[in-house]
Amino acid sequence: MKINKLNKNVYLKDGTIYDPFKQKSIKGNILITNDKIAGVGNIKAPAGAEIIDCTNLIITHGFCDIHAHFREPGREDKETLQTGAKAALVGGFTRVCVMPNTNPPLDDPESIRFIAEKAEETPIYIHPIGAITKGQQGKEITEMGAMKTEGAVAFSDDGFPLQNAYVMRLALEYAGMINVPIINHAEDIALRNDGVMNESEFSTKLGLTGNPDVAESTMVYRDLQIAQSTNSTLHIPHVSTRKSVEAVKEYKSRFPKITAEVTPHHLYFNDEALNTYNTNLKVAPPIRTENDRRALISALCDGTIDCIATDHAPHTIEEKEAPFDLAPFGMIGLESCFGVVNKVLVKDNGMKYESLIDLLTIKPRQIMGFKRDLFSESIPAEIAIIDPRANWTFTKDDIYSKSINSPYIGEELFGKIIYTIVKGSVTKI
Ligand SMILES: [Zn+2]
Ligand SMILES: [Zn+2]
């Protein structure tokens, strides 16, 4: 990858321009002048403009990831805001929301300000998500109003499921008053017990402790019921089971304020992949059955699940080299995201490329209340340029995260980011 400052005039020539906000595809050009959109469509290049040939490429909005772990402060050996930003650029992401389970956690206005200020020095837009409870202990609600003022865009104790339903109720009520979503990692820790993979015939066969699908769906049901009764905005992260999909579907029909996301890895793998004991496939919630995977794909196609989010979770090699039972949960996911989801959804399941791009651009921005009309004139350029038909093998060289805990190394992916433009720079991948 190479990051360069944008010239005064940059002309994206002869691409297929897909505008997710207008829901329209056209053939044409985009002119960026002084880092801002100056024209879209049938426009001419001014003399001296830098020309980027976009023949056979799709030009669209920069992707937005509403669920990533950049580990700063506390575990800068795994990831920093700077290295996470580079991984994002390689994946076409211009905007990333970072989870607060850092050390210390982002649980007060000062820590939110720390991230917001440091984010300004990175080449992408980074938004902190604040902790729901102090120390992520699940007991005392944080100062949500003051944290929102400092830049928190949502609240979550991600990594730690909020077990106490009364605290969940209070959190939803407060967040409802200040109009931001609550994101609860839905896993009942008693039901999950010490499960390290999905509970099924495979967990028995592999001799690994199982985590049943109802550990997720019972808490999803609880959260949906409390959200509806408090009339608050609930976003459900990393939905992994058919039962959770059914719960979201049922509630969405009468309470449309609910939103949900799915990760690339829950769409790509099923639990049979764990027969290699690859610890990079140890994630929370776990990789589920083929039946669950099919339900997640259908839920994206019919709108039950609103968007794709990576849950990019870097860990050191030493930690991931531990036996399966002891290794930490999580995998990185920013660099591989588009090649993975484009392969599963567009190539294997016939989704239109426009619908997939919506799941990575306007849908996540809508959940977080970000600006969505990115191709109107004088908006700072936030653009991904994609080769939608590239067949390529994902390797270690494609990773710009500080950690390399990816199960996609050696996998054939479909579709690749070629350029990412954001904050006055163009990155050639
Ligand atoms: Zn989580
Ligand atoms: Zn997470």
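The zinc ion (ligand 1) and the zinc ion (ligand 2) lie 3.5 Å apart, and Asp 158 coordinates both of them, where donors are N, O and S atoms within 2.8 Å of the metal (3.2 Å for Na, K and Ca) and water is not among the atoms, so sites may look incomplete. This is a predicted model, in which local features need pLDDT of at least 70 and side-chain atom pairs count only at pLDDT 80 or more, while totals for chains, interfaces and linings use all residues. Residues are numbered from 1 along each chain as its sequence is written, chains are lettered from A and ligands numbered from 1 in the order in which they are written, and side-chain values use heavy atoms, with hydrogens and water left out.

**The zinc site**

- Asp 158 (OD), His 185 (ND1) and His 238 (NE2) coordinate the zinc ion (ligand 1) at 2.0 to 2.1 Å, and the spacing of these donor residues in sequence is D-x26-H-x52-H.
- Distant parts of the chain are linked here, since Asp 158 sits in the loop between S10 and helix H4 (165-178) and His 238 in the loop between S14 and helix H8 (242-252), 80 residues apart; helices (H or I, at least four residues) and strands (E, at least two) are DSSP runs, numbered from the N terminus.
- Asp 158 is buried, with a relative accessible area of 2%, and His 238 is likewise buried at 2%; buried means under 20% relative accessible area, exposed over 50%, and partly exposed in between (1.4 Å probe, protein chains only).

**The sheets**

- An open sheet is formed by 5 strands in the order S10-S11-S14-S15-S16, with parallel pairing, where two strands pair if DSSP finds at least two bridges between them.
- The edges of this sheet are strand S10 (155-156) and strand S16 (307-308), each with a single partner strand, so one side of each is left without a neighbour in the sheet.
- Within the sheet, strand S14 (residues 234-236) pairs with strand S15 (residues 259-262) in the parallel sense over 2 bridges, and Ile 236 has Ala 260 in S15 as its bridge partner.
- Another open sheet has 3 strands in the order S7-S8-S9, also with parallel pairing, and its edges are strand S7 (63-68) and strand S9 (125-128), each with a single partner strand, so one side of each has no neighbour in the sheet.
- S7 pairs with S8 in the parallel sense over 4 bridges, with Asp 65 opposite Val 96 in S8, while strand S8 (residues 93-98) pairs with S9 in the parallel sense over 4 bridges, with Arg 95 opposite Tyr 125 in S9.
- In S7, 6 of the 6 residues are buried, so this strand is largely enclosed by the rest of the structure.

**Cores and helix H12**

- The largest nonpolar core has 93 residues, of which Ile 182, Ile 308 and Leu 345 touch the most other members; a nonpolar core is a set of buried Ala, Val, Leu, Ile, Met, Phe, Trp, Tyr and Cys residues joined through side-chain atoms within 4.5 Å.
- Helix H12 (residues 337-347) gives the most to this core, with 6 residues, and 9 of the 11 residues of H12 are buried, so the helix is largely enclosed by the rest of the structure.
- Leaving aside neighbours within four places in sequence, Leu 345 is in contact with residues including Leu 267, Ile 297, Ile 308 and Met 351, contact being heavy atoms within 4.5 Å.
- Another core, of 19 residues, lies apart from the largest one, and Leu 6, Leu 57, Ala 381 and Ile 421 are among its members.

**Cysteines**

- The structure holds 0 disulfides, a disulfide being a pair of cysteine sulfur atoms within 2.5 Å.
- For Cys 64, the closest cysteine sulfur is that of Cys 97, at 5.3 Å, too far for a bond, and Cys 64 is buried at 0% relative accessibility.
- Cys 337 is in no disulfide, with the nearest cysteine sulfur, that of Cys 307, 10 Å away, and Cys 337 is buried, with a relative accessible area of 1%.

**Backbone details**

- A cis peptide bond joins Asn 103 and Pro 104, with omega about 0 degrees, and Pro 104 lies in the loop between S8 and helix H2 (109-119).
- The peptide bond from Ala 284 to Pro 285 is also cis, with omega near -5 degrees, and Pro 285 is in the loop between helix H9 (264-268) and helix H10 (290-301).
- Asp 14, although not a glycine, has a positive phi of about 60 degrees; Asp 14 belongs to strand S2 (residues 9-19) and is partly exposed at 41% relative accessibility.
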